[in-house]
Amino acid sequence: MILEKGKNTPKSSIRKLIHYADKAKSDGVQVYHLDIGQPDIKTPQVILDAIHNFNEDIITYSLSQGIPELRRAVCL
């Protein structure tokens with residue numbers, strides 16, 4: 001049984017937009033999904049090495065607006 005609160009919870013924004021992406025794909029437009037899903041590219045070795053060498057006890061979330069250094073690097 002689903003509670004009323006759950007029934008009344010609005011859909012996430014990405015769920016509202018997915019049908020636009022599906023329509024564009026059916027019209028022959030190449031769509032690059034930057035949302036949920038599985039990656040379709042090989043993970044770079046430097047990332048795999050960082051994962052294997054990770055020694056922290058707690059993995060914390062980053063800032064919701066993104067890591068400032070990464071945001072600056074992307075904008076260069």
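The protein chain exposes about 8000 Å², and carbon and sulfur atoms supply 60% of this area. Accessible areas come from the Shrake-Rupley method with a 1.4 Å probe, and for residues only the protein chains shown count as cover. The structure is a predicted model, in which local features need pLDDT of at least 70 and side-chain atom pairs count only at pLDDT 80 or more, while totals for chains, interfaces and linings use all residues. Residues are numbered from 1 along each chain as its sequence is written, and side-chain values use heavy atoms, with hydrogens and water left out.

**Overall form**

The protein chain contains four helices and zero strands, in the order α-α-α-α from the N terminus on. Helices (H or I, at least four residues) and strands (E, at least two) are DSSP runs, numbered from the N terminus. The C-alpha trace spans about 45 × 40 × 25 Å along its principal axes. The radius of gyration of the protein chain is 18 Å, whereas a compact globule of 76 residues would have a value near 11 Å. This radius is taken over C-alpha atoms, and the globule rule is 2.2 Å times the number of residues to the power 0.38. Of the 76 residues, 3% count as buried; buried means under 20% relative accessible area, exposed over 50%, and partly exposed in between (1.4 Å probe, protein chains only).

**Salt bridges**

Side chains of opposite charge can pair when their charged atoms come close. A salt bridge is a side-chain nitrogen of Lys or Arg within 4 Å of a carboxyl oxygen of Asp or Glu. A search of the whole structure finds two salt bridges.

| Salt bridge | Closest N and O atoms |
|---|---|
| K25 and D22 | 3.8 Å apart |
| K23 and D27 | 2.8 Å apart |

K25 and D22 are three residues apart in helix α2, and are therefore separated by about one helical turn. K25 is partly exposed, with a relative accessible area of 40%, and D22 also counts as partly exposed, at 40% relative accessibility. K23 is partly exposed, with a relative accessible area of 49%.

**A nonpolar surface patch**

I14, L17 and Y20 form a nonpolar patch on the surface, with about 310 Å² of accessible area together. Patches are made of residues with over 30% relative accessible area and no salt bridge; like charges are joined within 9 Å, and nonpolar side chains (Val, Leu, Ile, Met, Phe, Trp, Tyr) within 5 Å. L17 lies in helix α2, which covers residues 13-26. L17 is partly exposed, with a relative accessible area of 48%.
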